[in-house]
Amino acid sequence: MAVLIVVLVVAMVLLASLPFVLRAIQRRSSPASIQTPEQAPRPSARAADSPITGATSSDESVATADAEPEGPKATFASGLASSRRSLRDRLTSIQGRQPDGATWEVLEEALLGADVGVATTMATLERLRSTAADLGIVDSEQLVSALGDQMRACLDADRALAVSAPGREGATPVWLFVGVNGVGKTTTIGKVGARFSEEGRSVVMAAGDTFRAAATSQLQTWADRCGAELISGSSGADPSSVVHDAITAAAARDADVVLADTAGRLQNRKNLMDELAKVRRVADREPGAVAETLLVIDATTGQNGLSQARAFAEATDVTGVVLTKLDGSAKGGIVFAIEAELGLPVKLVGLGEGAHDLIDFDPDSYVDALLPASPQSASPQSAFWEED
């Protein structure tokens, strides 16, 4: 009898708990109980900025950025819109007047405001005065047109990018990128690598900035994106050894080019310059040969960046300049100061954030985009001070 009572009690308990068990099973199997991406804990962001988006991001957001189609390719006309507006605003006051003392003062202010530099501005205006006298220029529109012609004429340097070192046939070509931290060296290497990859060239990247951990991670992202191989070393490793390892690996794989990053710690200027000179010597030894040493300058830093760049030009036998962030500056005339004061050709310019926005420097397109349209090139209703 006692056993029967116990069985009945257990059965009643089981029957009473059955609804709760069924509801628990239903909740566990329901899709509503699965965490959505919004509900799920967010992964911790990496300390390094993404070289693609320019913002701190996780691995997932970098992949998203890679998948997004890029916008229209940047042009000088779109990239230099800010510089053109700045010049136009200054030149408005000489509209329709004959050249006089005030006209020349306005031109001087306009060129200085565009970051052409004092010495280059004075030399430019001196030549322009002579031209105006020889041609009998009598109005401001003709004067601005003559200024444009003079600008094009002085930008006559050889801007060809060498894909091999002269007299070193068979050696692995090396492109070195130098400049202070923050000017965009790593991103520039990534964009150059993307261009080479699209041309069907095989690329090896060397993470020679071993003192900045973010540089290696950024370069790895770009290498993954364009199918390049990245050679890096431990934090604080000898940059020359990293570059040497990259060249050796590239030669073994018969790669077309090595793109080498370098440090830019100006607070240790002498040590840095000695280090860069050593990297240059090592990179130029067999099996490698330095084809280009490109000095990267941030256009937004203007004359300050120019003074810093002189030290790099003296230490590393620079062959050309990459001017980044030209689209973000109202001082697009810095190109003239670079070429006149450093004696170096501007070979590449950055006009946007996309991988295809690093383009070859073209003097004609540059001057056409920098100066407000002259009557000769504008429509009958337009003038060189007209709104964009």
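The model is predicted. The protein has 14 helices and 8 strands, and buried residues make up 47% of its 388 residues. Among contacts between residues at least 6 apart in sequence, 74% join residues at least 24 apart.

**Nonpolar cores**

- The largest nonpolar core has 81 residues, of which Leu295, Leu323 and Tyr366 touch the most other members.
- Helix α13, spanning residues 334-342, gives the most to this core, with 6 residues.
- Leaving aside residues up to four places away in sequence, Tyr366 touches Phe76, Leu80, Leu155, Gly332, Gly333, Ile334, Val335, Phe336 and Phe361.

**Helices α13 and α14**

- The axes of α13 and α14 come within 11 Å and cross at roughly 135°.
- The two helices α13 and α14 are therefore oblique to each other, since an angle over 145 degrees would be needed to count as roughly antiparallel.
- On the α13 side the contact is made by Ile334, Val335 and Phe336, and on the α14 side by Tyr366, Val367 and Leu370.
- The residues of this contact between α13 and α14 comprise 6 nonpolar, no polar and no charged.

**Valine 367**

- Valine 367 belongs to helix α14, which runs over residues 363-370.
- With a relative accessible area of 1%, valine 367 is buried, because buried means under 20%.
- Not counting residues up to four places away in sequence, valine 367 touches Gly148, Met151, Arg152, Leu155 and Phe336.
- One of these contacts, leucine 155, is 212 residues from valine 367 in sequence, and their C-alpha atoms are 9.6 Å apart in space.
- Leu155 is also among the residues touched by Tyr366.

**Threonine 124 in helix α6**

- Threonine 124 sits in helix α6, residues 118-135.
- Its relative accessibility is 9%, so threonine 124 counts as buried.
- Apart from residues up to four places away in sequence, threonine 124 touches Leu111, Leu147 and Gln150.

**Backbone geometry in loops**

- Most residues other than glycine have a negative phi, and most peptide bonds are trans.
- Glutamate 286 and proline 287 are joined by a cis peptide bond, with omega about 10°.
- Proline 287 is placed in the loop between α11 (269-283) and β5 (288-298).
- Aspartate 115 has a positive phi, near 70°, and is not a glycine.
- The loop that holds aspartate 115 runs between α5 (101-113) and α6.
- Aspartate 115 counts as buried, at 8% relative accessibility.
- Lysine 325, also not a glycine, has a positive phi of about 60°.
- Lysine 325 is found in the loop between β6 (320-324) and α13.
- In contrast to the buried aspartate 115, lysine 325 is partly exposed, with a relative accessible area of 34%.

**Partly exposed charged residues and their C-alpha distances**

- Aspartate 362 lies in the loop between β8 (358-360) and α14.
- The relative accessible area of aspartate 362 is 32%, so this residue is partly exposed.
- Aspartate 362 is 15 residues from lysine 347 in sequence, and the two are 8.4 Å apart in space, C-alpha to C-alpha.
- Arginine 85 is found in helix α4, residues 81-91.
- Arginine 85 is partly exposed as well, at a relative accessible area of 37%.
- Arginine 85 and leucine 371 are 286 residues apart along the chain, while their C-alpha atoms are separated by 8.9 Å.

Conventions:
Residues are numbered from 1 along each chain as its sequence is written. This is a predicted model: local features need pLDDT of at least 70, side-chain atom pairs count only at pLDDT 80 or more; totals for chains, interfaces and linings use all residues. Side-chain values use heavy atoms; hydrogens and water are left out. Helices (H or I, at least four residues) and strands (E, at least two) are DSSP runs, numbered from the N terminus. Buried means under 20% relative accessible area, exposed over 50%, partly exposed in between (1.4 Å probe, protein chains only). Contact means heavy atoms within 4.5 Å. A nonpolar core is a set of buried Ala, Val, Leu, Ile, Met, Phe, Trp, Tyr and Cys residues joined through side-chain atoms within 4.5 Å. Axes are lines fitted to C-alpha atoms, for helices over the stretch in contact, and angles run from 0 to 180 degrees between N-to-C directions. Angles under 35 degrees count as roughly parallel, over 145 as roughly antiparallel, 65 to 115 as roughly perpendicular and the rest as oblique. Ala, Val, Leu, Ile, Met, Phe, Trp, Tyr, Cys and Pro count as nonpolar, Asp, Glu, Lys and Arg as charged, and the others, Gly among them, as polar.
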